[in-house]
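The entries follow in the order I took them.

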Amino acid sequence: MPTLSEGRPGDPGPEPHRHRRTAESFGVDAARYDRARPPYPQDLIDRIVAARPGRRVLDVGAGTGIEARQFLAAGCTVLGVEPDERMAAFARGSGIEVEVATFEDWQPAGRRFDTVVAGTAWHWVDPVAGAAKAAEVLRPGGRLAPFHHVPQLPAEVVDALAEALRRVAPDSPFKPDLLRGSALEAYRPLFARITDGIRRTRSFGEPEQWRFPWERTYSRAEWLDQLPTFGGLTRLPPDALAQVLGRVGSAIDELGGHATLPYTTVAITATRIPAA
């Protein structure tokens, strides 16, 4: 899940891309990340593939290659860009070609793509500079399609997570209190930033929002396996993380030892228009 950080009054929303140390911390346990993070709905992959003018996909923030493998299976060729060498190495081990760089600093060397995607990673990219770089590497008619999982956590889990973090990491950029109520509403400022960044390039048609609802039931062990992969928890010391996992585990025990999470996977997508 993206790092949802508190903004100042009047801010249009959180700016997680400024938390570079958190953004580049996920490789601390790449195998856990790959094992625990869910893949993306096949309907989303199919819709993006159907909308592309060709087969070349650039995967921004490719991580361990979760969505890259899905696009490969759909018949695409995929190049990943990933700032964490540890994550990139894991992805290469599953057959994904990955170059190590932040997307803003990555050098395309004249290469062009039909689709630029990012799986729960575009929040780590400057929304204006990232959209401009995507416009630079996309062919006319190509599609930019960053997408994010939005999980609706049970209130009991949010309460336990917030309480534990206030105790062990009060300065954490991860603010689970923002997930009280509608998760989609909590993510609205992030999606507004992405949409605005695309518009400001003047290189794309009007952005669309595609939504794909689904759900998954996690056992206690499965949820606690995924939790340390969340931004803001990846950098906790082991003793602090153990306290967070213990508190959240107790909350899941009170729910019967499992938690069913409704998800909505949201894509903000737009087509590259020809240069004037």
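I began with helix α4, where Ile-66, Glu-67, Ala-68, Gln-70 and Phe-71 are buried. Buried here means under 20% relative accessible area, exposed over 50%, and partly exposed in between, with a 1.4 Å probe and protein chains only. Helices (H or I, at least four residues) and strands (E, at least two) are DSSP runs numbered from the N terminus.

This is a predicted model, in which local features need pLDDT of at least 70 and side-chain atom pairs count only at pLDDT 80 or more, while totals for chains, interfaces and linings use all residues. Residues are numbered from 1 along each chain as its sequence is written, and side-chain values use heavy atoms, with hydrogens and water left out.

What do the buried residues of α4 pack against? I found α2 (30-36), α3 (42-51), β1, β2, β4 and β5 (138-151). Contact means heavy atoms within 4.5 Å. Just after α4, Gly-75 takes a positive phi of about 95°.

**Strand β1**

I then looked at β1 (residues 56-60), which is mostly covered, with four of its five residues buried. I checked its pairing, where two strands pair if DSSP finds at least two bridges between them. Strand β2 (residues 77-82) runs parallel to β1 and is joined to it by five bridges; Asp-59 has Gly-80 as its bridge partner in β2. Strand β4 (residues 113-119) also pairs with β1 in the parallel sense, over three bridges. For Val-57 the bridge partner in β4 is Thr-115.

I noted that β1, helix α4 (residues 66-73) and β2 make a right-handed β-α-β unit. Right-handed means that, with the strands pointing away from the viewer, the path from the first strand over the helix to the second runs clockwise.

**Ala-88**

I looked up Ala-88 and found it in helix α5 (residues 85-93). Is Ala-88 buried or exposed? Ala-88 is buried, with a relative accessible area of 0%. Leaving out residues up to four places away in sequence, Ala-88 touches Gly-63, Glu-82, Val-98 and Val-100. From Ala-88 to Gly-63 I read 6.3 Å, C-alpha to C-alpha, for a separation of 25 residues in sequence.

I listed two residues here. Thr-120 is not a glycine, yet has a positive phi of about 50°. Thr-120 sits in the loop between β4 and α6 (127-137) and counts as buried at 6% relative accessibility.

Arg-202 is not a glycine either and has a positive phi of about 60°. Arg-202 is in the loop between α8 (183-201) and β6 (208-219), and is exposed, with a relative accessible area of 75%.

**Largest pocket**

I ran the pocket search on a 1 Å grid over the protein atoms alone; a pocket is an open set of points where a 1.4 Å probe fits, with protein on both sides within 12 Å along at least five of seven lines, and lining residues have an atom within 4 Å of a point. The largest pocket has a volume of about 150 Å³, a volume being the space filled by probe spheres set on the points. Ten residues line the largest pocket, and Val-28, Asp-29, Pro-228, Thr-234 and Leu-241 lie nearest its centre.

**Whole chain**

The chain has ten helices and seven strands, and 56% of its 276 residues count as buried. Among contacts between residues at least 6 apart in sequence, 78% join residues at least 24 apart.
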